[in-house]
Amino acid sequence: MRIFSGIQPSGIPTLGNYLGAIRNWAALQDGNDCIYCVVDLHAITVFQDPAALRQQTREMAAVLLACGIDPEKHIVFLQSAVRAHAQLAWIFNCVARLGWLNRMTQFKDKAGKDRENASAGLYVYPNLMAADIHAYHATAVPVGDDQRQHLELANDIAQKFNHDYGVEFFPRIEPYIMGPAARVMSLRDGSKKMSKSDPSEQSRINLNDDADTIALKIRRAKTDPEPLPSEPDGLADRPEARNLVGIYAALTDGDAASVLREHGGKGFGAFKEALAALLVDHLAPIADETRRLLADPDHIDAVLGRGAARAAAIADPIVAEAERLVGFVRV
Ligand code: TYM
């Protein structure tokens with residue numbers, strides 16, 4: 001099975017990126033053929049300072065390696081280094097319908113009230129994402145829950161391309177939305193997703209936070225006055241409690257029921273302490289390894305360079321065939 005996924009270098013990755021995506025990317029390496037991409041073309045759909053983008057791009061690559069992704073057995077590379085992504089995205093811009101893009105909730109969230117001032121790139125963002133995946137004929141895409149709608153669109157685009165050109169060229173893709181933390185919520189507001197771009201630092205755990213910062217953020221995380229319930233049903237109207245239990249479950253490879261068997265009936269004080277300790281145990285080695293890798297940017301660039309060459313070797317012939325099917329003349 002060929003697996004593809006991507007992450008934007010638009011800031012320090014959060015616990016949401018880790019539990020919803022990166023950790024699963026690492027777990028899927030066994031027995032599959034994985035392609036993991038730092039999507040810098042997507043990042044500039046919102047203005048990025050060029051120096052910061054360069055820094056964040058190398059940081060993101062370092063984090064992926066520090067989380068255990070093996071760039072020898074699999075492929076890690078930058079989206080902008082493989083031209084096939086932008087080439088296929090243009091074809092998909094001409095396949096996708098405006099009505100489909102108008103339904104994308106992430107565009108509505110990101111553009112906000114000032115929709116007229118959003119970049120055209122932000123609007124066609126899901127078409128580029130579809131191109132990322134289909135340029136490799138990938139069939140499995142591990143993502144967090146917030147990407148579900150984009151993957152449905154990627155299937156609609158593939159289906160319309162196949163139908164319009166009378167071929168069975170792009171395969172159906174399967175979203176892999178895995179584990180009890182596929183949607184990690186803000187620590188300040190249980191109805192909002194944890195995000196790199198939230199203006200409140202207190203809303204998220206960053207993968208480079210030190211132990212004290214993690215403990216403080218968890219201690220200050222919004223909760224309610226009730227003790228933890230003893231059954232998952234008791235979390236129904238308690239989004240903040242549900243979020244913390246989901247994070248704990250993911251870190252212990254359990255589920256809400258197993259966490260509540262251990263902590264049900266306790267107040268949040270003790271639970272938060274246990275959760276902070278778990279987070280520090282998981283994240284400190286990643287932060288250390290990321291720092292070690294970043295001390296040698298040439299090594300990171302060499303890994304990315306090799307990754308781009310291997311990625312292009314797969315994507316170029318697939319995109320060349322898509323261009324031929326569309327009717328472009330090659331002389
Ligand atoms: P991005 O960079 O926003 O996030 C990267 C991955 O992290 C997941 N994620 C979360 N999971 C759980 N809880 C959260 N709070 C949370 N926040 C983020 C995302 O679901 C994602 O899996 N459009 C994509 C990048 C992309 C892509 C692709 C993904 C570009 N091309 C092709 C898959 C296939 C994005 O912006 O992810």
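This is a predicted model: local features need pLDDT of at least 70, side-chain atom pairs count only at pLDDT 80 or more; totals for chains, interfaces and linings use all residues.
## Salt bridges around Glu72

Glu72 pairs up with Arg306: their side chains meet in a salt bridge, 3.5 Å from N to O. Arg306 sits in helix H13 (residues 297–326), while Glu72 is in the loop between helix H3 (50–66) and strand E3 (75–78), so this pair ties together parts that are 234 residues apart in sequence. On the Arg306 side, the relative accessibility is 42%, so that residue counts as partly exposed.

There's another pair with nearby numbering. Asp70 makes a salt bridge with Lys73, and here the closest N and O atoms are 3.6 Å apart. Asp70 is partly exposed at a relative accessible area of 23%, whereas Lys73 counts as exposed at 63%. The general idea is simple enough: side chains of opposite charge can pair when their charged atoms come close.

Now for a bridge inside a helix. Arg292 and Glu289 form a salt bridge whose closest N and O atoms are 2.9 Å apart. Both belong to helix H12 (residues 268–294) and are three residues apart, about one turn of the helix. Arg292 counts as exposed, at 53% relative accessibility, and Glu289 is partly exposed, with a relative accessible area of 26%.

Some charged residues go beyond simple pairs. Glu201, Arg204, Asp209 and Lys217 are linked in a network of salt bridges. For the whole model, the count comes to 19 salt bridges.

## Around the ligand

The ligand has 27 residues around it, and the ones that come nearest are Gln8, Tyr125, Asp132, Asp146 and Val184. Take Gln8 to start with: an N or O atom in its side chain is 2.8 Å from an oxygen atom of the ligand. The side chain of Asn17 also has an N or O atom placed 3.1 Å from a ligand oxygen.

Val184 uses its backbone instead. One of the backbone N or O atoms of Val184 lies 2.8 Å from a nitrogen atom of the ligand.

## The largest pocket

The largest pocket holds about 1,200 Å³ of space. Its lining takes in 45 residues, and Gln106, Lys110, Asp146, Gln147 and Lys193 are the ones that lie nearest the centre. Asp146 has also come up as one of the residues nearest the ligand.

Which elements supply at least two residues each to the lining of the largest pocket? They are strand E1 (2–7), helix H1 (15–27), helix H2 (40–43), H6, H7 and strand E4 (140–142). H1 gives the most, with five residues. Sorted by class, the lining of this pocket has 19 nonpolar, 17 polar and nine charged residues.

## The cavity

There's one cavity of 30 Å³ or more, and the largest cavity has a volume of about 50 Å³. Its lining is made up of Met104, Gln106, Phe107, Lys110, Leu122, Tyr125, Pro126 and His150. Helix H6 (105–111) and helix H7 (120–134) each put at least two residues into that lining.

By class, the cavity lining has five nonpolar, two polar and one charged residues.

## Two positive phi angles

His137 isn't a glycine, yet it has a positive phi of about 50°. You'll find His137 in the loop between H7 and E4, and with a relative accessible area of 24% it is partly exposed.

Asp253 is the other one: a positive phi of about 55°, again without being a glycine. Asp253 is in the loop between helix H10 (239–251) and helix H11 (256–263). At 65% relative accessible area, Asp253 is exposed.

Notes:
Residues are numbered from 1 along each chain as its sequence is written. Side-chain values use heavy atoms; hydrogens and water are left out. A salt bridge is a side-chain nitrogen of Lys or Arg within 4 Å of a carboxyl oxygen of Asp or Glu. Buried means under 20% relative accessible area, exposed over 50%, partly exposed in between (1.4 Å probe, protein chains only). Helices (H or I, at least four residues) and strands (E, at least two) are DSSP runs, numbered from the N terminus. On a 1 Å grid over the protein atoms alone, a cavity is a set of points where a 1.4 Å probe fits but cannot get out, and a pocket is an open set with protein on both sides within 12 Å along at least five of seven lines; lining residues have an atom within 4 Å of a point. Grid points are joined across faces, edges and corners, and a volume is the space filled by probe spheres set on the points. Ala, Val, Leu, Ile, Met, Phe, Trp, Tyr, Cys and Pro count as nonpolar, Asp, Glu, Lys and Arg as charged, and the others, Gly among them, as polar. A residue is near a molecule or strand if one of its heavy atoms lies within 4 Å of it. A polar contact is a pair of N or O atoms within 3.5 Å; within protein, one must be able to donate a hydrogen and the other to accept it, and residues adjacent in sequence count only if both atoms are side-chain atoms.
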